[in-house]
Amino acid sequence: MTVRKNQAALTAAEKRRFVSAVHELKRSGRYDTFVTTHNAFIMSDRDDAERVGHRSPSFLPWHRRFLLDFERALQSVDTEVTLPYWDWTADRTPRSSLWAPDFLGGTGRSRDGRVMDGPFARSGGRWTISVRVDGRDFLRRNLGAGGLSLPTRAEVDSVLAMDTYDMAPWNSGSDGFRNHLEGWRGVNLHNRVHVWVGGQMATGVSPNDPVFWLHHAFIDKLWADWQARHPDSPYLPGGGTADVVDLDETMRPWNDVTPADMLDHTPFYTYDTDAASS
Amino acid sequence: MSGITRRRALGTVAAAAGTAAAVPVLAAAAPALAAGPAPTRSGSAGHDPASFDEVYRGRRIQGHPSGGGHHGGHAGHGGYTVLIDGEELHVMQNADGTWISVITHYDPVPSPHAAARAAVVELQGSPLVPLVTA
């Protein structure tokens, strides 16, 4: 059974195998198909038109399925690998072990943002940014960009306390849990972390930085945590909503999976914290 | 949900790689700002989606409402086109009137002009290119 662990608790061997599996997906070309898919959705999801991957109720089930696809791809390389999550309320500085050279490498140099160490530095020859919107083919970061701070645990708790999943108009202007977690409104959780990392993570081709998966694995965990706190709060909307994926409607690009299929993560994986509490 | 046909093309990796093919599809379908270049939108903090044309940090940035279908298939994206040194920057307006671009997608700013300037800062002199997948 797949157990997703806090990245801070990974052993050296677990980090090594995760990095190796990511490298292999990159080498084979499979990695970049995930980047392309994400960018296609982020450019087409609109507040006033059809929206699936972002700025809409299906932000959470869409990314749950997207991460499942990626995790299964990793496991096709190494069956022992699972997606770790990054709790950025706890590991909130560039000095975190997350950014050490044996895992994701650190921030970019000031001149051009280029990441200079770790397994994903351009100089290592294994991580060329291929799906891109500008001329630069090297991974970039600017951790703590512009003096920004990562969200605090108190800010996360304030969003987890919201008892309505999502609200009309079901977009970036909505009140409710989903949009506050996504960050278009309120204290700003998910969006702010993308901006904090900087570089490609702040763009539509954000999965070019492997931290994308660890960030979204934590967002996904927060959805599970919210469900545990609000067991009577359903996914919304329940049906008949134009341009929006209702509970039992299928999501592109898969067209065979609905939000209802994604509500319970436990058929697919558990979290290290689930195991501790049961 | 409706409109599956027009979006089906964007749901595949192959089609997504070809922005030249995807853009006209979006342009034809985008109803945003159909009222055209409304001179002032509330909440836009002093900037409205009027045209602009300037050299910012050594780069020419231009923006204009794009209901008229200039630039071949480049019109659309919510009815506003932004160019950096002649290359289109994909921009989008949020429900609250703020704007983002593909370069700064998680960080809304008050106007397309501000989005263009933010992209110039982020690009650090690098050329903007249509989505590259090689």
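Predicted model: local features only at pLDDT ≥ 70, side-chain atom pairs only at ≥ 80, totals over all residues.
**Ground rules.** I number residues from 1 along each chain as its sequence is written, and I letter chains from A and number ligands from 1 in the order in which they are written. Local features need pLDDT of at least 70, side-chain atom pairs count only at pLDDT 80 or more, and totals for chains, interfaces and linings use all residues, while side-chain values use heavy atoms, with hydrogens and water left out.

**Entry 1: α1 and α3 of chain A.** I looked up helix α1 (residues 12–28) and helix α3 (residues 59–77) of chain A, which pack at about 100° with axes 9 Å apart. Helices here are DSSP runs (H or I, at least four residues; strands are E, at least two), numbered from the N terminus. Axes are lines fitted to C-alpha atoms, for helices over the stretch in contact, and angles run from 0 to 180 degrees between N-to-C directions. α1(A) and α3(A) are therefore roughly perpendicular to each other. The classes are: under 35 degrees roughly parallel, over 145 roughly antiparallel, 65 to 115 roughly perpendicular, and the rest oblique. From α1(A) the contact takes F18(A), A21(A), V22(A), E24(A) and L25(A), and from α3(A) it takes F70(A), A73(A), L74(A) and V77(A). Contact means heavy atoms within 4.5 Å. I noted 8 nonpolar, no polar and 1 charged residues in the contact of α1(A) with α3(A). For these classes, Ala, Val, Leu, Ile, Met, Phe, Trp, Tyr, Cys and Pro count as nonpolar, Asp, Glu, Lys and Arg as charged, and the others, Gly among them, as polar.

**Entry 2: α3 and α7 of chain A.** The axes of α3(A) and α7(A) come within 10 Å and cross at roughly 130°. That makes α3(A) oblique to α7(A). I recorded the crossing as left-handed; the term applies if the near helix is turned anticlockwise from the far one by less than a right angle, and right-handed applies if clockwise. Residues of α3(A) in this contact include F59(A), P61(A), F66(A) and F70(A), and those of α7(A) include W213(A), I219(A) and W223(A). By class, this contact of α3(A) with α7(A) has 12 nonpolar, 3 polar and 2 charged residues.

**Entry 3: α4 and α7 of chain A.** Helix α4 (residues 153–160) of chain A packs against helix α7 (residues 211–229) of chain A at about 50°, with the axes 10 Å apart. α4(A) and α7(A) are therefore oblique to each other, and their crossing is right-handed. Among the contact residues I listed R153(A) and D157(A) of α4(A), and D225(A), W226(A) and R229(A) of α7(A). The contact of α4(A) with α7(A) has 6 nonpolar, no polar and 4 charged residues.

**Entry 4: backbone.** I found a cis peptide bond from A168(A) to P169(A), with omega near 10°. P169(A) sits in the loop between α4 and α5 (177–182) of chain A. The bond from L236(A) to P237(A) is also cis, with omega near 5°, and P237(A) is in the loop between α7 and α8 (259–262) of chain A. R55(A) has a positive phi of about 45° although it is not a glycine, and R55(A) lies in the loop between α2 (30–44) and α3 of chain A.

Entry 5: The largest pocket holds about 490 Å³ of space. On a 1 Å grid over the protein atoms alone, a pocket is an open set with protein on both sides within 12 Å along at least five of seven lines, a cavity is a set of points where a 1.4 Å probe fits but cannot get out, and lining residues have an atom within 4 Å of a point. Grid points are joined across faces, edges and corners, and a volume is the space filled by probe spheres set on the points. The pocket lining has 22 residues, with N142(A), A145(A), G198(A), G199(A) and E122(B) nearest its centre. Helix α4 (residues 112–123) of chain B gives the most to this lining, with 3 residues. I counted 4 cavities of 30 Å³ or more. The second largest cavity has about 60 Å³ of space.
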